[in-house]
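Let's take a walk through this structure together, starting from the whole chain and ending at a few aromatic rings. Please keep the 3D view open as you read.

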Amino acid sequence: MPTPSLAALPIRRLTLRDLNACADLSEDRGWPREEYKWGLLLAAGKGYGIDDPDGGLVTACVVTEYGPYSEPDLGAIGMVLVAERHARQGIGRRLMRHILSAMDTTPLTLHATPYGRPLYEELGFKVTGQAEMLHGHFSPGGLTPAVSTRAATAEDLAAILRLDEEVLGTDRTHLITRLPAFADQFRVAEESGRITGYAAAWPNMHTHVVGPLIARDTETAQALLSSLAAGTDRPLRTDIDVRHEELRAWARERGLAPVSLNSVMTYGIPELPGDWSRRFAPLTVAAL
């Protein structure tokens, strides 16, 4: 039988059973396999993809929804990938149009590489910010931030969720409650018994990714990042909102080198909700 055209292949929902195929697709495009991150996203979000008749996936992505379960008020699109052998044939555009239709009027956000940005602009996404990826071995130095941090406990979770919704402007309970099991480190900053920030470090290949990083101010963010760095020998990676110039300069001075700049884009809203001044880094650029 003749091989069906790509345009005729159905788009279907992905599940955790597709984790290896998603990791293979990442590797096909020269990305790390990132099975651990794919596992989180496929469990907490909705995966979409097209099966390749010759095996594997033609394309894949994940949408993580936030807010009320039945009526999300924000969706984050991530891990948009098309197999190299099927690139530049309109497959990514078709998948994105499917997602826009499926999400209906729900506002959307994503982090776009320079390569992907033109497609998203064509579809109506607007650039509303930038995030700088930093990577390297953290070297302590200079004045130690005078902010108290400690490991988060189960008793902290309610306060963390309240702070997170206040800063992000949407409910991320289904994602944040996975952090104690997902992250190798989960820490809070505290003043007079009140939580003023929190951060996690989770394993991704040979690195630890710092995210989310939510903090009252730059000094609190520095204290959280320093405390996470002290708990690992791995290089760190994080994606800092470029408006936090002081934290970026401080991190570079301590060995985290700039890797890339990605555009933060939105669809259906002029900018992300919440308080950007306390939102330093996302859990992952593939989510929020």
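This is a predicted model: local features need pLDDT of at least 70, side-chain atom pairs count only at pLDDT 80 or more; totals for chains, interfaces and linings use all residues.

The chain contains nine helices and 13 strands. A compact globule of 288 residues would have a radius of gyration near 19 Å, and the value for this chain, 19 Å, agrees with that. Along the principal axes, the C-alpha atoms fill a box of roughly 70 × 35 × 30 Å. Of the 288 residues, 53% are buried. If you count contacts between residues at least 6 apart in sequence, 72% of them join residues at least 24 apart.

Now for the surface and the charges. The accessible surface comes to about 12,900 Å², and carbon and sulfur atoms account for 51% of that. The chain carries 29 positive and 36 negative charges, whose mean positions are 3 Å apart.

Next, have a look at the backbone. Gly211 and Pro212 are joined by a cis peptide bond, with omega about 0 degrees. Pro212 belongs to strand E10, which covers residues 207–215. In the loop between strand E9 (194–204) and E10 you will find Met205, which has a positive phi of about 55 degrees without being a glycine. Met205 counts as partly exposed because its relative accessibility is 44%. Glu34, also not a glycine, has a positive phi near 55 degrees. This residue sits in the loop between helix H1 (19–28) and helix H2 (35–44). Is Glu34 buried or exposed? Its relative accessibility is 4%, so Glu34 counts as buried.

Finally, the rings. A pair of aromatic rings is described by the distance of the centres and the angle of the planes. The whole structure holds six aromatic pairs. One of them is stacked: Tyr36 and Phe182, at 4.6 Å centre to centre with 5 degrees between the planes. Because Tyr36 lies in helix H2 and Phe182 in helix H7 (residues 179–182), this pair ties together parts that are 146 residues apart in sequence. Tyr36 is partly exposed at 37% relative accessible area, whereas Phe182 is buried at 7%.

Phe182 has another partner in Trp202: their ring centres are 5.1 Å apart and their planes stand at 40 degrees, so this pair is tilted. With Phe182 in helix H7 and Trp202 in strand E9, the pair links parts 20 residues apart in sequence. Trp202 is buried, with a relative accessible area of 0%. Together, Tyr36, Phe182 and Trp202 form one aromatic cluster.

Note on methods: Residues are numbered from 1 along each chain as its sequence is written. Side-chain values use heavy atoms; hydrogens and water are left out. Helices (H or I, at least four residues) and strands (E, at least two) are DSSP runs, numbered from the N terminus. The radius of gyration is taken over C-alpha atoms; the globule rule is 2.2 Å times the number of residues to the power 0.38. Buried means under 20% relative accessible area, exposed over 50%, partly exposed in between (1.4 Å probe, protein chains only). Contact means heavy atoms within 4.5 Å. Accessible areas come from the Shrake-Rupley method with a 1.4 Å probe; for residues, only the protein chains shown count as cover. Lys and Arg count as positive and Asp and Glu as negative; His and the chain ends are not counted. The place of a charge is taken as NZ of Lys, CZ of Arg, CG of Asp or CD of Glu. Rings of Phe, Tyr and Trp (its six-membered ring) pair if their centres lie within 6.5 Å; planes under 30 degrees apart count as stacked, over 60 as edge-to-face and the rest as tilted.
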